[in-house]
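We will walk through it one selection at a time.

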Amino acid sequence: HSALAKCRIMGEYTAGYGIARYMADPHEADVDAALNLAGDLEALFTRGWYTGYEHWWSDCWMSTFAYGENGNSTTDAMAADSYVGSSYAATNLKWVPTDKMWVGVEFLWGERRNLNGQAARARRLGLGVQYNF
């Protein structure tokens, strides 16, 4: 097979009530449910999606490009700094000398948004090595 034959497009969409714990960003924000003004516990609606493209430059060099977003509903009783959404983008370059090993570098960008409109962004550069025994 040629390197181009291994390229692929990926994606996912997930949505539902009380499912934030099963998603990467909302899980850390603990936003499955919240109290409303009446003092009742209300399941919050969460939705998330991502799309990505994996490109093989040759038999042992590949890159992935990905973008995704998450969003959460809120109640009137939630704190102003409550999580309401996030976005992220990632790209990497990996050397894959065997089926059992890869070495790569990855750049990630992310943004968190709060109920009060505040947002913060972060960037990260990482190096990874994996060997499967």
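Start with R21: is R21 buried, partly exposed or exposed? R21 is partly exposed, because its relative accessible area is 49%. Here buried means under 20% relative accessible area, exposed means over 50%, and partly exposed lies in between (1.4 Å probe, protein chains only).

Before the next click, two notes. This is a predicted model, where local features need pLDDT of at least 70, side-chain atom pairs count only at pLDDT 80 or more, and totals for chains, interfaces and linings use all residues. Residues are numbered from 1 along each chain as its sequence is written, and side-chain values use heavy atoms, with hydrogens and water left out.

**Stop 1: R21 and its partner**

D32 and R21 form a salt bridge (a side-chain nitrogen of Lys or Arg within 4 Å of a carboxyl oxygen of Asp or Glu). Their closest N and O atoms are 3.2 Å apart. The pair links distant parts of the chain, 11 residues apart. D32 sits in the loop between α1 (24–29) and β2 (33–35), and R21 in the loop between β1 and α1. Helices (H or I, at least four residues) and strands (E, at least two) are DSSP runs, numbered from the N terminus. D32 counts as buried, because its relative accessibility is 13%.

**Stop 2: R8 and E54**

How many salt bridges does the structure hold? It holds four. Select R8 and E54 for another one: their closest N and O atoms are 3.2 Å apart. R8 lies in strand β1 (residues 8–17) and E54 in strand β4 (residues 45–56), 46 residues apart. R8 is partly exposed at 45% relative accessibility. E54 is buried at 11%.

**Stop 3: a network**

Now pick E111 and R113. They form a salt bridge, with the closest N and O atoms 2.8 Å apart. E111 is buried, with a relative accessible area of 14%. R113 is partly exposed, at 24%.

**Stop 4: a nonpolar patch**

Switch to the surface view. Select the residues of a nonpolar patch, among them I9, Y53, W57, W61, F65 and W95. Patch residues have over 30% relative accessible area and no salt bridge; like charges are joined within 9 Å, nonpolar side chains (Val, Leu, Ile, Met, Phe, Trp, Tyr) within 5 Å. Together the patch has about 1200 Å² of accessible area, found by the Shrake-Rupley method with a 1.4 Å probe; for residues, only the protein chains shown count as cover. β5 (61–72), β6 (83–98), β7 (101–114) and β8 (119–131) each give two or more residues. End on F65 in strand β5. F65 is partly exposed, at 37%.
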